[in-house]
Amino acid sequence: MLLVYMSIVGNTRRFVNKFDYPLLEISEANCFTEVDQDFIMIVPTYEIEVTDIMNDFIETGANLTHCQGVIGGGNRNFNDLFCFTAKDLALDYDLPLLHEFEFMGSVNDVNKVKEIVKHLENTHSV
Ligand SMILES: Cc1cc2nc3c(=O)[nH]c(=O)nc-3n(C[C@H](O)[C@H](O)[C@H](O)COP(=O)(O)O)c2cc1C
């Protein structure tokens, strides 16, 4: 499973590097890249002006049809605003919100995401 992510400070980058999955980091330089394989989006939480590169990415070509869901990174100190970027993306594009984690994720978060990916890959191979 391809993990498509963005990272400003580096937490999300550190999180995705805990897996052996192929990675695609989105920035302003490549946010209109078209992919032809299933992927999960992993997004930290910032104001829309910062994260709209992920909207650009998902709206490019047929990317939306390949997106299996969204995982959010954030900080629980933001209370009701915890992981709102991932929640908004899931809502706006009718995608499942698969998981939320804080900062660079814990061992539990890593295991949970591995389970989710395994489940998605099994579902899709039938
Ligand atoms: C300016 C700023 C605003 C943030 N706003 C939120 C927020 O509203 N909700 C949230 O859950 N986390 C918020 N965060 C926390 C980041 O989403 C979190 O630290 C994340 O791990 C950063 O990912 P990155 O290091 O990959 O950029 C904010 C962080 C900063 C610096």
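This is a predicted model: local features need pLDDT of at least 70, side-chain atom pairs count only at pLDDT 80 or more; totals for chains, interfaces and linings use all residues.
User: Which residues surrounding the ligand are the closest?

Analyst: A residue counts as near when one of its heavy atoms lies within 4 Å of the molecule. By that criterion 18 residues surround the ligand, and the closest are S7, I8, N11, T12 and Y46. The shell comprises 10 nonpolar and eight polar residues, with no charged ones.

User: Which polar backbone or side-chain atoms lie by oxygen atoms of the ligand?

Analyst: A polar contact requires a pair of N or O atoms within 3.5 Å. In this model, a backbone N or O atom of I8 is 2.7 Å from a ligand oxygen. The side chain of T12 places an N or O atom 2.7 Å from an oxygen atom of the ligand, and a polar backbone atom of T45 lies 2.8 Å from a ligand oxygen. Of the 650 Å² that the ligand exposes when taken alone, the protein buries 81%.

User: Turning to T65, is this residue buried or exposed?

Analyst: Exposed means over 50% relative accessible area. T65 has 61%, so it is exposed. T65 belongs to helix α3 (residues 63–66), and a polar atom of its side chain lies 2.6 Å from the backbone oxygen of A62.

Notes. Residues are numbered from 1 along each chain as its sequence is written. Side-chain values use heavy atoms; hydrogens and water are left out. Helices (H or I, at least four residues) and strands (E, at least two) are DSSP runs, numbered from the N terminus. Buried means under 20% relative accessible area, exposed over 50%, partly exposed in between (1.4 Å probe, protein chains only). A polar contact is a pair of N or O atoms within 3.5 Å; within protein, one must be able to donate a hydrogen and the other to accept it, and residues adjacent in sequence count only if both atoms are side-chain atoms. Accessible areas come from the Shrake-Rupley method with a 1.4 Å probe; for residues, only the protein chains shown count as cover. Ala, Val, Leu, Ile, Met, Phe, Trp, Tyr, Cys and Pro count as nonpolar, Asp, Glu, Lys and Arg as charged, and the others, Gly among them, as polar.
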